[in-house]
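Subject: A structure for you to look through

Dear colleague,

Here is the structure that I promised to pass on to you. Please open it beside this message, and then read on for what was found.

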Amino acid sequence: MNAIQRAQTAYGHHARATNTPRDTEYDAFARVTRRLTAAAKTPGDVPELAAALYDNRRLWMILASDVALKSNPLPGDLKARLIYLAEFAEVHGRKVLAGKATAEPLIEVNRAVMQGLQNRSPGQ
């Protein structure tokens, strides 16, 4: 084990403990988007693409479920847009699996959400 790995082992759980909910959401989108991007670059690897699309769908369904809660403080118009994007991810993902579309629109949407999660005022 090298010094970097030891440091990550020793301090990694403390770094995760200070993540905000937005940081956690960003990290989830980043992981899923990396998988989608890698799968899209490997034509013919249907199992990897299917797994990446499944993870993307799960992420969006979790987000939509959270957004739909009355206790969610987001503005109504933003909630509606996020639920629409969750529906888009579901429908477009099926088209990708059927070979009728590419994963690129899903990747672009995820990256836009990631950018939105990063663009916040101090203190958020």
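Which residues have the most contacts inside the largest nonpolar core? They are Phe-29, Leu-36, Leu-53, Trp-60, Leu-63, Val-96 and Leu-106, in a core of 25 residues. A nonpolar core here is a set of buried Ala, Val, Leu, Ile, Met, Phe, Trp, Tyr and Cys residues joined through side-chain atoms within 4.5 Å, where buried means under 20% relative accessible area, exposed over 50% and partly exposed in between, with a 1.4 Å probe and protein chains only.

Before going further, please keep in mind that this is a predicted model, in which local features need pLDDT of at least 70 and side-chain atom pairs count only at pLDDT 80 or more, while totals for chains, interfaces and linings use all residues. Residues are numbered from 1 along each chain as its sequence is written, and side-chain values use heavy atoms, with hydrogens and water left out.

The core draws at least two residues from each of helix 2 (21-40), helix 3 (46-68), helix 4 (76-97) and helix 5 (104-118), and its largest share, eight residues, comes from helix 3. Helices are DSSP runs of H or I with at least four residues, numbered from the N terminus.

Helix 3 has 23 residues and reaches 32 Å from its first C-alpha to its last, close to the 33 Å expected at 1.5 Å a residue, the expected span being 1.5 Å times one less than the number of residues. Its buried residues, among them Asp-55 and Asn-56, pack against helix 2, helix 4 and helix 5.

There is one aromatic pair, counted when the ring centres of Phe, Tyr or Trp (its six-membered ring) lie within 6.5 Å, with planes under 30 degrees apart called stacked, over 60 edge-to-face and the rest tilted. The rings of Phe-29 and Trp-60 have centres 5.3 Å apart and planes at 75°, so the pair is edge-to-face. The pair links distant parts of the chain, for Phe-29 is in helix 2 and Trp-60 in helix 3, 31 residues apart. Phe-29 is buried at 2% relative accessible area, and Trp-60 is buried at 1%.

Finally, Thr-37 lies in helix 2 and is buried, with a relative accessible area of 16%. Its side chain reaches the backbone oxygen of Thr-33 at 2.8 Å. Leaving aside neighbours within four places in sequence, Thr-37 is in contact (heavy atoms within 4.5 Å) with Ile-107 and Arg-111.

With best wishes

Methods: A polar contact is a pair of N or O atoms within 3.5 Å; within protein, one must be able to donate a hydrogen and the other to accept it, and residues adjacent in sequence count only if both atoms are side-chain atoms.
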